[in-house]
Amino acid sequence: MDFFGTILFPFRWLVSWIMVMFHEGFTFLGMDPESGWTWTLSIIGLVVVIRAALIPVFVKQIKAQRGMQALQPDLRKLQQKYKGKTDQLSRQAMTQEQMALYKKHGTNPFAACLPILIQMPFFFALFTVLNGISKASREGEEIGALSPDAVREFDDATIFGAPLSSTFLGSFGGNINLSVIILSVLMIIAMTASQFITQKQIMAKNMSEEAMQSPFMRQQKIMLYILPLVFGIGGINFPIGVLIYWTTTNIWTMAQQFYVIRRMPTPGSPAAKALAERRAKKGLPAVPLLGERKGEPVVETVAQPRVQRVQPQRKKRKKK
């Protein structure tokens, strides 16, 4: 086993064990153990378990992202302060002041990436498990918690005539499997579209005007188009089971973001103004939004009608 395989071994075992548990549960409920739909639901169950476990990390991610947005004005001032200074002492002083800013706002640049970073080992583990199914089935071997019989069942499992362990590129060797090609293309489109929509709705509704003008936002706009493209191109080599996993987790993210944007929007964003207007119409008071620092007053974002100022009347003086 190579170094990469050694690192992934516990993740491979955990991923395969969760799938086996769901598979046995669905089989107990009367589903066919050899059906591709039983294994598909097991992969979806794996997504639910992983994403539910990541909810506390997701809340920390929201706070970190909002902290990064809140410190952008101070960060721009700091950059202007050290603009043109390239000596080592200046760079060191700037780094120390940046760290102080991150501490003050309770955030750091890496906290916003935690959910995706935590998911990656599970994603790679699932990829190696499904990618090795056919070989393990031929040689009668087990993979992680999947017994040789379970490996064979998974290798034979199909949905719409497409084996779950097949890939788009692999379907062109020998006998072309049209079902694999069509299903892979549809899954890749769904995977990239759901990822694009999620990021688009964040930028359109859940960012303040100040954050929209920041350099961080310009990077986000670039990533909005690059990441779906990268996953779309990489998806042609993903087994269908992996495409099901990634599409399901993207849909989870999209629904989760929709809830956050509607119920816990970023302060100063269009979604926050919409929330305040909805609460005002119902006669409800404003509530502090997730990510606001303690001690800050709750600001109503509903536009108040302008009242014309009454000019003071000059008193007439008595004539002497």
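**Rings and a buried threonine**

Trainee: What makes phenylalanine 238 count as buried?
Mentor: Its relative accessibility is 11%, and buried means under 20% relative accessible area with a 1.4 Å probe and protein chains only (exposed is over 50%, partly exposed in between), so phenylalanine 238 counts as buried. This is a predicted model, in which local features need pLDDT of at least 70 and side-chain atom pairs pLDDT 80 or more, while totals for chains, interfaces and linings use all residues. Residues are numbered from 1 along each chain as its sequence is written, and side-chain values use heavy atoms, leaving out hydrogens and water.

Trainee: How many aromatic pairs are there, and why is the pair of phenylalanine 11 and phenylalanine 122 called edge-to-face?
Mentor: The count is 11 aromatic pairs, where ring centres of Phe, Tyr and Trp (its six-membered ring) lie within 6.5 Å, and planes under 30 degrees apart are stacked, over 60 edge-to-face and the rest tilted. Phenylalanine 11 and phenylalanine 122 are 5.2 Å apart centre to centre with 90° between the planes, so the pair is edge-to-face. Phenylalanine 11 lies in helix 1 and phenylalanine 122 in helix 6, so the pair ties together parts 111 residues apart in sequence.

Trainee: Why is the pair of phenylalanine 127 and phenylalanine 238 put in a class by its angle?
Mentor: The centres are 5.9 Å apart and the planes at 70°, so this pair is edge-to-face.

Trainee: How do you know whether threonine 40 is buried or exposed?
Mentor: Threonine 40 has a relative accessible area of 6%, so it is buried.

Notes
Helices (H or I, at least four residues) and strands (E, at least two) are DSSP runs, numbered from the N terminus.
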